[in-house]
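User: I have a model open and would like to go through its architecture with you. Could we begin with the strands and then move to the helices?

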Amino acid sequence: MLATLMYGPGDVRCEAVDDPRILKPTDAIIKLSATCICGSDLWPYRGLQPTDGPAHMGHEYCGVVVEVGSEVKTVRPGQFVVGSFCISDNTCPHCRFGFHSSCVQREFMSGAQAPYARVPLADGTLVATAELPSADLIPHLLATSDVLGTGWYAADAANVRAGATVVVVGDGAVGLMGVLAAREMGAGRIIAMSRHATRQKLAAEFGATDIVAERGDEGIARIKDLTGGVGADSVLECVGTQQSMTQAIACSRPGGSIGYVGVPHGVTFEGEAMFFAQRRMLGGPAPVRRFLPDLIDRVLAGRIKPGKVFDLKLPLSEVAEGYRAMDERRAIKTLITV
Ligand SMILES: [Zn+2]
């Protein structure tokens, strides 16, 4: 089959590779209904994260099971499934505590930017739907696999409550999903920080009540203005740079919570400043598996349409252009048909 390989920074190719096969009795093979490029794929693409040789790209996926290993019990061929980018057993103490992304058997999914993929720990990782979904639902279901699940975790970790004032730092796909999540959780006010007209528009569509285009000190001052000098109850940090983290902490009120899901690159904290700031912080790779059944239900019920975040659709043969478009911020998120 053809699949997506990253040879190094800026060098993504669609090339022939061996078809995936069952390697362990707990594996499943799925035929993808669609796949996509993640904002986190841009870190190695931009040379900001080391890569060693051609890497099989892709960790967001949904599709139909075609084969399962001998020990797989809960999913079977023919079922439509969605799984998280984190592989988990769903049975260990961390999974049972809701932190599937720290599963004792954790692996990170790879190789999903392809027509077929191997999913380890299929029983714990995959969630099957009762019926095969219609084609128009595929982008929305695909979004639950990572981008929505991560935005949802940001809101959950930031302790978003009914009526809360929420600030979302970052207008990438995850930030936009954070806006949607905060709205679903009943936030009273959702302030999206974005400088880009198309992303501002989408943020408003997903539920943002205010847009702040300024960033850094000016952005912090605007948030203080909008919140009567208090700061936000909940802040979602969806970027992962020092500037965005500093902004997120400063936009929060004392006792407020910050959910941070942008993978930190060069971010440091100063203990004494954190001590006196009095902020709650929870971050990390999202335990998407915890949220998947609920998110899938919301999509199937037509309640949310997270797939609107895909503003570029390309065939697998043009995957390299999908990376370029996201790198140059011409696209928010690229859906790849396989
Ligand atoms: Zn586990």
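User: How many bridges join strand 1 to strand 2, and do they run parallel or antiparallel?
Analyst: In this predicted model, strand 1 (residues 2-8) is joined to strand 2 by six bridges, and the two strands run antiparallel. One of the pairs involves Ala3, whose bridge partner in strand 2 is Glu15.

User: What lies between strand 1 and strand 2 in the hairpin?
Analyst: Two residues lie between the strands of that hairpin. Gly10, in the turn, has a positive phi of about 70 degrees.

User: Which strands make up the sheet there, and in what order?
Analyst: It is an open sheet of three strands in the order 2-1-4, with antiparallel pairing.

User: Which helix lies across strand 1 and strand 2?
Analyst: That is helix 12 (residues 319-327), which runs at about 160 degrees to strand 2.

User: Moving on to the six strands: what is their order in the open sheet, and is the pairing parallel or antiparallel?
Analyst: The order is 13-12-11-14-15-16, and the pairing is parallel. Strand 13 (210-212) and strand 16 (280-283) are the edge strands, each pairing on one side only. From one strand to the next, the twist averages 20 degrees.

User: How many bridges join strand 15 to strand 16?
Analyst: Four bridges join strand 15 (residues 252-260) to strand 16, and these strands run parallel. Within this pairing, Ser257 has Arg280 of strand 16 as its bridge partner.

User: Which strands does helix 9 lie across?
Analyst: Helix 9 (residues 242-251) lies across strand 11 (165-169), strand 14 (232-237) and strand 15. Its direction is at about 145 degrees to strand 15.

User: And how does helix 8 pack with helix 9?
Analyst: Helix 8 (residues 216-226) and helix 9 pack at an angle of about 20 degrees, and their axes are 10 Å apart. The two helices are therefore roughly parallel to each other. Helix 8 passes helix 9 in a right-handed crossing.

User: Which residues of helix 8 and helix 9 meet?
Analyst: From helix 8, Gly216, Gly219, Ile220 and Ile223 meet Gln243, Gln247, Ala250 and Cys251 of helix 9. By class, this contact has four nonpolar, four polar and no charged residues.

User: What about helix 6 and helix 7: at what angle do their axes cross?
Analyst: The axes of helix 6 (residues 173-184) and helix 7 (residues 197-206) cross at roughly 20 degrees and come within 8 Å. That angle makes helix 6 roughly parallel to helix 7. The crossing of helix 6 past helix 7 is right-handed. Helix 6 contributes Leu176, Val179, Leu180 and Arg183 to the contact, while helix 7 contributes Arg199, Leu202, Ala203 and Phe206. These residues divide into six nonpolar, no polar and two charged.

User: Are helix 5 and helix 11 roughly parallel or roughly perpendicular?
Analyst: They are roughly perpendicular to each other. The axes of helix 5 (residues 147-157) and helix 11 (residues 288-300) cross at roughly 105 degrees and come within 9 Å. The contact is made by Leu148, Gly149, Thr150, Trp152 and Tyr153 of helix 5 together with Val288, Phe291, Leu292 and Leu295 of helix 11.

User: Last topic, the domains: how is the chain divided?
Analyst: The chain is divided into domain 1 (2-146 + 287-337) and domain 2 (151-283). Taken over C-alpha atoms, the centres of domain 1 and domain 2 are separated by 26 Å.

User: How many residues of domain 1 are in contact with domain 2?
Analyst: In domain 1, 13 residues are in contact with 14 residues of domain 2. The side of domain 1 that touches domain 2 divides into nine nonpolar, two polar and two charged residues.

Key:
Residues are numbered from 1 along each chain as its sequence is written. This is a predicted model: local features need pLDDT of at least 70, side-chain atom pairs count only at pLDDT 80 or more; totals for chains, interfaces and linings use all residues. Axes are lines fitted to C-alpha atoms, for helices over the stretch in contact, and angles run from 0 to 180 degrees between N-to-C directions. Angles under 35 degrees count as roughly parallel, over 145 as roughly antiparallel, 65 to 115 as roughly perpendicular and the rest as oblique. Two residues are in contact if their C-beta atoms, placed from the backbone, lie within 7 Å. A crossing is left-handed if the near helix is turned anticlockwise from the far one by less than a right angle, and right-handed if clockwise. Ala, Val, Leu, Ile, Met, Phe, Trp, Tyr, Cys and Pro count as nonpolar, Asp, Glu, Lys and Arg as charged, and the others, Gly among them, as polar. Domain bounds come from an automatic or database domain assignment. Two strands pair if DSSP finds at least two bridges between them.
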